[in-house]
Amino acid sequence: MKLMRYEEWVKSVHQADGLSERIENELRKDIVTFMIIFGKRAELGTSAIAKAIFIFHKFSKLLSFKKINYMLYASACIFISAKFDDNPLKVDIIGRMFIVMNYVYQKIRARHPLGTRDLDPADFPNSIFKEAIFDENTINLACESFTAAEAEILSEIGGEKSYG
């Protein structure tokens, strides 16, 4: 993985696309918190979660938050990082986790707009994962979305997609 220059970190495609610096920072805070919670739910270590956050930040410097499903891509970075740590996650399991956690996240942000309330691990209790029922098409779509997001992220940041 290639290191980023300072200019790449401070130059924002999000602000060029019309997001204020405040909104961009609030989104980043939400995304990182979501990734930490997601990674812990996937039973990943701190190192793997930190790598996923780095991968996401590097990728998100290339495409505006307005043009991507940032929570899908953040979750795909967790998926990628788990592979880097030789602890690969099953795509159908992570797809189910994403569907549930993204649904809860959207509900939270509908009730509490960005910047008015931080995410909390208690927002995603174990019971929501046990209660969720999925049809096969939804799972297949989530798996396809993860695979596509993984390929795009690795292509953009200069990695390779590993099969197997």
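Predicted model: local features only at pLDDT ≥ 70, side-chain atom pairs only at ≥ 80, totals over all residues.
I take helix axes as lines fitted to C-alpha atoms over the stretch in contact, with angles from 0 to 180 degrees between N-to-C directions. Helices are DSSP runs of H or I with at least four residues, numbered from the N terminus.

**Ground rules.** Residues are numbered from 1 along each chain as its sequence is written, and side-chain values use heavy atoms, with hydrogens and water left out.

**Entry: α6 and α8.** I looked up how α6 (residues 91-111) sits against α8 (residues 136-157). Their axes are 9 Å apart and cross at about 100°. The two helices are therefore roughly perpendicular, a label for 65 to 115 degrees; under 35 is roughly parallel, over 145 roughly antiparallel, and the rest oblique.

Next I listed who touches whom, with contact meaning heavy atoms within 4.5 Å. From α6 come Val91, Asp92, Ile94, Gly95, Arg96, Phe98 and Ile99; from α8 come Thr138, Ile139, Ala142, Cys143 and Phe146. By class I get eight nonpolar, two polar and two charged residues. Here Ala, Val, Leu, Ile, Met, Phe, Trp, Tyr, Cys and Pro are nonpolar, Asp, Glu, Lys and Arg are charged, and the others, Gly among them, are polar.

**Entry: Cys143.** This residue is part of α8. Is Cys143 buried or exposed? Cys143 is buried, at 14% relative accessible area. Buried is under 20%, exposed over 50%, and partly exposed in between (1.4 Å probe, protein chains only). Beyond residues up to four places away in sequence, Cys143 touches Val91 and Asp92.

**Entry: Arg28.** Arg28 belongs to helix α3 (residues 21-41). The relative accessible area is 10%, so Arg28 is buried. Which side chain makes a polar contact of 2.7 Å with Arg28? The partner is His57. A polar contact is a pair of N or O atoms within 3.5 Å; within protein, one must be able to donate a hydrogen and the other to accept it, and residues adjacent in sequence count only if both atoms are side-chain atoms. Setting aside neighbours within four places in sequence, I find Arg28 in contact with His14, His57, Ser60, Lys61 and Phe65.

**Entry: aromatic rings.** I paired rings of Phe, Tyr and Trp (its six-membered ring) when their centres lie within 6.5 Å; planes under 30 degrees apart are stacked, over 60 edge-to-face, and the rest tilted. The count is eight aromatic pairs. Phe56 and Phe65 are a stacked pair, because their planes are at 5° with the centres 6.2 Å apart. Both Phe56 and Phe65 are buried. Ring pairs also link Phe34, Phe38, Tyr105 and Phe124 into a cluster.

**Entry: Lys40.** Lys40 is in α3. Its relative accessibility of 58% makes Lys40 exposed. The C-alpha atoms of Lys40 and Pro121 are 9.4 Å apart, across 81 residues of chain.

**Entry: positive phi.** Most residues other than glycine have a negative phi. I noted Glu43, with a positive phi of about 65°. Glu43 lies in the loop between α3 and α4 (46-60) and is exposed at 68%. I also noted Asp86, with a positive phi of about 55°. Asp86 sits in the loop between α5 (70-84) and α6 and is exposed at 71%.
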